[in-house]
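Subject: Structure handover

Hi,

Here is the structure I promised to pass on. Please look it over, then read my notes below.

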Amino acid sequence: MHAVDALLQPQPSLPEQPATWLPSFERDGLVVLPNYLATDLCLTLLQEVQQQVELTPAAIGRGQQRQHASDIRRDKTCWLDGSTVAQQRYMLELNAIQSLLNRHFFLGLTGYECHFAHYQPGDFYQTHLDAFNQQASRQVTSVCYLNDVQDGGELVVYNEHHTELMRLPPRAGSLILFESSRFPHQVLPTRQDRYSIAGWFRRDEALL
Ligand SMILES: O=C(O)CCC(=O)C(=O)O
Ligand SMILES: [Fe+2]
């Protein structure tokens, strides 16, 4: 069966899946889920990012603070817009995670945004926080890796005291979730092409 046809097949309704990772996330504020993404979906998303012509150098900050900062980060990114079945499937999966987080931890998450990222050989992202306090809109970070990187490109995560907690080599299909304002992290220079989807569960005040 062609990959896209396979993606269009209705997914067998999963029995109420016990999300066994919820206690770890509650305890640590961070969890790694190896092989989270189905292999066919991962491969299709990888092909989509490899075919993207509109990847643009990532910027840092928002609004007037927004700037390209090639000394801080070198990846190229492109927002997912749900224009393909694979992107829709990915977003459905992550929306399910959003519901779980809300149901179990009352996080009040209101939305999810995500972009493809491509790090070429030599690219990196220096140590940073994705949000500066819990009042910020970005509450929980997700990164899903789309290919295996054997040489460089590890995600290094630190605790509040800047002690290294983990060094994660990207593996196709694995997903990491962590509290956005709590863990400084960096991407070490990669020596191979590195593809991922980085996303953020947000809590935005309703417009009155
Ligand atoms: O790709 C990764 O492992 C992390 C990327 C990241 O930190 C970010 O985009 O904010
Ligand atoms: Fe980050």
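Val31 has Leu177 in strand E11 as its bridge partner. Strand E1 and strand E11 (residues 175-179) run antiparallel and are joined by 4 bridges. Strands here, labelled E, are DSSP runs of at least two residues, numbered from the N terminus; helices, H or I, need at least four. Two strands pair if DSSP finds at least two bridges between them.

Before the rest, the ground rules. This is a predicted model, in which local features need pLDDT of at least 70 and side-chain atom pairs count only at pLDDT 80 or more, while totals for chains, interfaces and linings use all residues. Residues are numbered from 1 along each chain as its sequence is written, chains are lettered from A and ligands numbered from 1 in the order in which they are written, and side-chain values use heavy atoms, with hydrogens and water left out.

**The open sheet**

E1 belongs to an open sheet of 7 strands, in the order E1-E11-E8-E13-E6-E5-E2, with antiparallel pairing. Strand E1 (30-33) and strand E2 (56-57) are its edges, each pairing on one side only.

**E9 and its neighbours**

Strand E9 (residues 155-158) runs antiparallel to strand E10 (residues 164-168), with 4 bridges between them. Leu155 stands opposite Leu168 in E10. Val156 faces Arg167 in E10. The hairpin of E9 and E10 has 5 residues between the strands, and His162 takes a positive phi near 65° there.

E9 is also joined to E12 by 3 bridges, again with the two strands antiparallel. In that pairing Val157 stands opposite His185. Leu155 and Val157 point one way from E9, Val156 and Tyr158 the other way, and all are buried. Buried means under 20% relative accessible area, exposed over 50%, and partly exposed in between (1.4 Å probe, protein chains only).

**The iron ion**

Which residues hold the iron ion (ligand 2) as protein donors? They are His128 (NE2), Asp130 (OD) and His185 (NE2), lying 2.1 to 2.2 Å from the ion. Donors are N, O and S atoms within 2.8 Å of the metal (3.2 Å for Na, K and Ca); water is not among the atoms, so sites may look incomplete. In sequence the donor residues are spaced H-x1-D-x54-H. His128 lies in strand E7 and His185 in strand E12, so the pair ties together parts that are 57 residues apart in sequence. His128 is buried, with a relative accessible area of 14%. His185 is buried too, at 5%.

**Ligand 1**

Ligand 1 is surrounded by 14 residues; the closest are His128, Asp130, Tyr145, His185 and Arg194. A residue counts as near if one of its heavy atoms lies within 4 Å of the molecule. For His128, a side-chain N or O atom is 3.1 Å from an oxygen atom of ligand 1. For His185, a polar side-chain atom lies 2.9 Å from a ligand oxygen. For Arg194, the value is 2.8 Å. Taken alone, ligand 1 exposes 300 Å², and the protein buries 98% of that. Those areas come from the Shrake-Rupley method with a 1.4 Å probe; for residues, only the protein chains shown count as cover.

Strand E7 (125-128), strand E8 (138-145), strand E12 (185-187) and strand E13 (194-202) each give two or more residues to the shell. E13 gives the most, with 4 residues. The shell divides into 8 nonpolar, 3 polar and 3 charged residues. Nonpolar here covers Ala, Val, Leu, Ile, Met, Phe, Trp, Tyr, Cys and Pro; charged covers Asp, Glu, Lys and Arg; the others, Gly among them, are polar.

**Two loops**

Arg73 sits in the loop between strand E4 (67-68) and strand E5 (76-79). Arg73 is buried, with a relative accessible area of 9%. The Arg73 side chain makes a polar contact of 2.8 Å with the side chain of Asp75. Another, of 3.4 Å, joins the side chains of Arg73 and Tyr125. A polar contact is a pair of N or O atoms within 3.5 Å; within protein, one must be able to donate a hydrogen and the other to accept it, and residues adjacent in sequence count only if both atoms are side-chain atoms.

Gln134 lies in the loop between E7 and E8. Gln134 is exposed, with a relative accessible area of 52%.

Best wishes
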